[in-house]
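Please look through the sequence and the model shown here before reading on.

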Amino acid sequence: MSNSDVTMLVTMGLYLVFMLLVGFWFSKKNETTSDFYLGGRHLGPLVTAMSAEASDMSSYLLMGLPGLAYLSGAADVGWTAIGLAVGTYLNWLFVAKRLRRYSADIGAITIPSFFRKRYKDERGILMLIAALEIVIFFTPYTASGFAACGKLFGTLFGIDYHLAMIVSALVIISYTMTGGFLAASTTDFVQSIIMTIALVIMVFFGLEKAGGVSAVIDNARSLPGYFSLSQTYDAASGTALPYGFITIVSTLAWGLGYFGMPHILLRFMAIEDEDKLKISRRVASVWVVISMGIAVFIGIIGLGMSNAGVLPALEDSETIIIQISTLLSTNGLIFAVIAGIVLSGILASTMSTSDSQLLAASSAVSEDILRGFFHVKISERAGMLLARITLVVIAILGVILAWDSNSSVFVIVSFAWAGFGASFGPVMLLALFWRRSTRQGAIAGMAAGGIMVFIWKFMIRPMGGAWNIYELLPAFLVAIIINVIVSLLTPQPAHSVLAAFDRQKSKK
């Protein structure tokens with residue numbers, strides 16, 4: 001290992017130690033399971049905003065978006081970013097405040113328990129289905145985060161993938177298990193700052209090495225279809241390929257996933273004052289747009305650096321920030337430390353998602369399935385122990401699933417995103433905004449959404465052509481239609497359910 005590698009590794013190691021210290025600090029503040037899973041609803045507006053977006057973006061912000069821009073130009077990454085930005089804003093605008101108010105009024109601290117109490121599902125069938133789907137989709141989602149950490153250290157320093165993955169998982173487990181929701185949210189806030197610093201450093205250093213803004217733009221313009229939103233650049237043939245309407249709609253559909261993401265929705269439920277959600281919405285929306293824009297620009301800069309001969313042509317375009325950081329580290333000790341901070345940003349983007357997913361999956365098992373559905377009677381102290389044990393067990397399953405170093409992180413993430421978006425999104429929207437929505441409709445819609453994701457992904461989409469649509473869009477539409485039809489065919493909700501709905505609607 002070179003001196004620059006050692007410096008970067010030490011910098012990243014210090015960052016991981018800091019995350020552990022945060023977890024131990026907040027462990028003193030967890031007295032109940034509500035504190036552990038929802039922070040006692042005491043999050044401030046800035047932490048709410050930035051932790052929600054950091055847990056949302058994951059490594060896709062610092063690896064996926066720049067890599068996509070580097071490889072194929074503006075169309076694919078541009079429409080994806082537009083869909084995500086619009087979905088982010090609409091989720092904060094329509095869902096956040098009403099969910100915070102509604103969940104507090106009925107005493108729900110998890111998403112499955114919100115559904116159960118919203119519909120007065122005394123048998124807990126709806127809560128059980130929701131909890132099982134969280135475990136089904138979040139466990140492999142968490143595994144993808146562990147895998148990303150292992151690949152990062154393995155690619156950079158030649159450390160064994162399995163060792164790096166296990167150590168990363170242990171750090172995430174440790175601060176999440178001890179500090180719970182407050183630790184996860186606070187570290188996510190810190191990690192969003194680290195991610196922002198990483199993006200800014202990459203832009204200025206990359207532009208300097210690529211020959212300036214004009215050189216980068218001129219290089220991109222010389223490639224057919226690179227800056228077009230209706231064409232995509234094909235690096236293999238050096239030509240422009242059409243980017244049709246169906247593909248655009250399919251890509252924009254990523255934004256629908258936000259309405260059903262448990263780890264994001266929990267942030268809405270946890271803010272201390274619902275009136276401060278407007279501040280959170282503005283901060284989150286601005287940060288998402290700017291950060292995604294910079295991430296895309298880094299991909300374009302990276303291509304300019306390859307054209308200038310500063311970087312080799314990349315076989316794996318998602319490593320562009322890693323390659324730029326490695327180049328940065330060769331300029332001396334201070335620059336190696338800065339490169340370590342940048343790489344900590346990639347680590348942060350992965351960890352900020354994994355910790356939130358672990359909490360959501362853990363709460364689904366301990367709070368919703370064991371205590372909610374099976375009515376296991378235990379004290380608050382025993383409940384805290386059960387929550388932590390559950391978190392460790394799910395994390396171990398994640399490590400097992402991530403054991404194959406060749407597993408595709410992006411494929412797992414996109415499938416889980418579709419699963420949550422289609423299963424929970426329609427139910428959440430109708431639960432918050434449609435008075436006539438019934439328990440039977442919610443159960444049918446949730447089940448239909450989850451099943452349709454599998455059917456479309458593995459049976460319909462492989463047919464290609466007009467059927468080659470991201471599974472989230474058709475599954476979301478089927479789920480909301482089924483929910484509405486079944487609700488209309490079944491008796492209207494009980495008076496107490498309607499009264500609780502009307503209380504939320506009457507408040508401004």
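**Charged pairs and packed helices**

D275 forms a salt bridge with K97, and the closest N and O atoms of the two are 3.8 Å apart; a salt bridge here is a side-chain nitrogen of Lys or Arg within 4 Å of a carboxyl oxygen of Asp or Glu. This pair links distant parts of the chain, since D275 sits in the loop between α11 and α12 (277-307) while K97 belongs to helix α5 (residues 74-106), 178 residues apart. D275 is exposed, with a relative accessible area of 53%, whereas K97, at 29%, counts as partly exposed (buried means under 20% relative accessible area, exposed over 50%, and partly exposed in between, with a 1.4 Å probe and protein chains only).

The model is predicted, so local features need pLDDT of at least 70 and side-chain atom pairs count only at pLDDT 80 or more, while totals for chains, interfaces and linings use all residues. Residues are numbered from 1 along each chain as its sequence is written, and side-chain values use heavy atoms, with hydrogens and water left out.

Because R503 lies in helix α19 (residues 495-506), the pair ties together parts that are 398 residues apart in sequence. D105 is partly exposed at 32%, and R503 is likewise partly exposed, at 38%. The whole structure has 7 salt bridges.

Helix α11 (residues 262-270) is mostly covered, with 9 of its 9 residues buried, among them H263, R267 and F268. Helices such as this one are DSSP runs (H or I, at least four residues), numbered from the N terminus.

Helix α17 (residues 439-460) and helix α18 (residues 472-489) pack at an angle of about 155 degrees, with their axes 8 Å apart; the axes are lines fitted to C-alpha atoms over the stretch in contact, and angles run from 0 to 180 degrees between N-to-C directions. The two helices are therefore roughly antiparallel, a term for angles over 145 degrees. Residues including A444, A448 and W456 in α17 meet residues including V478, I482 and V486 in α18, where contact means heavy atoms within 4.5 Å. By class, this contact has 12 nonpolar, 6 polar and no charged residues (Ala, Val, Leu, Ile, Met, Phe, Trp, Tyr, Cys and Pro count as nonpolar, Asp, Glu, Lys and Arg as charged, and the others, Gly among them, as polar).

Terms used
Angles under 35 degrees count as roughly parallel, over 145 as roughly antiparallel, 65 to 115 as roughly perpendicular and the rest as oblique.
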